[in-house]
Amino acid sequence: MSLTINIPDDIWQAIRLPETDKQGHLLIELAVSLYQRGILSLGKARSLAGMTKWEFHEELGKRKTELHYNQDDLDNDIEYGFS
């Protein structure tokens, strides 16, 4: 499923980014926001932003956003690494 969001022309024009960068920046903003709120996982947010894992980590770092990573995640990663 895909979703189309209609942004009124006056708002689209008010976004102070080059025309070629607007859509990508809005997707990154949405992805980071949804990740920060715990609505999307890191992988899904990264995918929405159209970024590699490392690019998305770097973007989160620029925004001083902590990774949602807990002991269970670490245990799962260790178990996966040894399997």
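Visitor: What makes the contact of Lys-22 and Glu-19 a salt bridge?
Guide: In this predicted model, the side chains of Lys-22 and Glu-19 come to 3.3 Å, N to O. The cut-off is 4 Å between a side-chain nitrogen of Lys or Arg and a carboxyl oxygen of Asp or Glu, so the pair qualifies.

Visitor: How many salt bridges does the rule give?
Guide: The count comes to 3. Besides the Lys-22 and Glu-19 pair, Arg-63 meets Glu-29 at 2.7 Å, N to O.

Visitor: What makes Glu-29, Glu-59 and Arg-63 one network?
Guide: Their salt bridges share partners.

Visitor: Which accessibility labels do Arg-63, Glu-29 and Glu-59 carry, and why?
Guide: Arg-63 is at 29% relative accessibility and Glu-29 at 41%. Both values lie between 20% and 50%, so both residues count as partly exposed. Glu-59 has a relative accessible area of 14%. That is under 20%, so Glu-59 is buried.

Visitor: What does Glu-59 touch, leaving out residues up to four places away in sequence?
Guide: Glu-59, which is in helix α4, touches Ile-28, Val-32 and Met-51. Ile-28 and Val-32 are among the buried residues of α2.

Visitor: How do you know whether α2 has the span expected of a helix?
Guide: Helix α2 runs over residues 22-36 and has 15 residues. From its first C-alpha to its last it reaches 21 Å, close to the 21 Å expected at 1.5 Å a residue. After α2 comes Gly-38, with a positive phi near 80 degrees.

Visitor: Which residues of α2 are buried, and what do they pack against?
Guide: The buried residues are Lys-22, Ile-28, Ala-31, Val-32, Leu-34 and Tyr-35. They pack against α1 (9-14), α3 (42-49) and α4 (53-62).

Visitor: How many aromatic pairs does a search of the whole structure find?
Guide: The search finds 1 aromatic pair. Tyr-35 and Phe-56 have ring centres 6.3 Å apart, within the 6.5 Å limit, so they pair. Their planes stand at 80 degrees, over the 60 that edge-to-face requires, so the pair gets that name. Tyr-35 lies in helix α2 and Phe-56 in helix α4, so the pair ties together parts that are 21 residues apart in sequence. Both Tyr-35 and Phe-56 are buried.

Visitor: Which residues make the nonpolar surface patch?
Guide: The patch, of about 470 Å², is made by Leu-3, Ile-5, Ile-7, Ile-11 and Leu-26. Leu-26 lies in helix α2. Its relative accessible area is 31%, between 20% and 50%, so Leu-26 is partly exposed. A patch residue needs over 30%, so Leu-26 also passes that requirement.

Visitor: Why is Asn-76 called partly exposed?
Guide: Asn-76 has a relative accessible area of 49%. Exposed needs over 50% and buried under 20%, so Asn-76 is partly exposed. Asn-76 is found in helix α5. From Asn-76 to Glu-55 there are 21 residues in sequence and 23 Å in space, C-alpha to C-alpha.

How values were computed: Residues are numbered from 1 along each chain as its sequence is written. This is a predicted model: local features need pLDDT of at least 70, side-chain atom pairs count only at pLDDT 80 or more; totals for chains, interfaces and linings use all residues. Side-chain values use heavy atoms; hydrogens and water are left out. Helices (H or I, at least four residues) and strands (E, at least two) are DSSP runs, numbered from the N terminus. The expected span of a helix is 1.5 Å times one less than its number of residues. Buried means under 20% relative accessible area, exposed over 50%, partly exposed in between (1.4 Å probe, protein chains only). Contact means heavy atoms within 4.5 Å. Patches are made of residues with over 30% relative accessible area and no salt bridge: like charges are joined within 9 Å, nonpolar side chains (Val, Leu, Ile, Met, Phe, Trp, Tyr) within 5 Å. Accessible areas come from the Shrake-Rupley method with a 1.4 Å probe; for residues, only the protein chains shown count as cover. Rings of Phe, Tyr and Trp (its six-membered ring) pair if their centres lie within 6.5 Å; planes under 30 degrees apart count as stacked, over 60 as edge-to-face and the rest as tilted.
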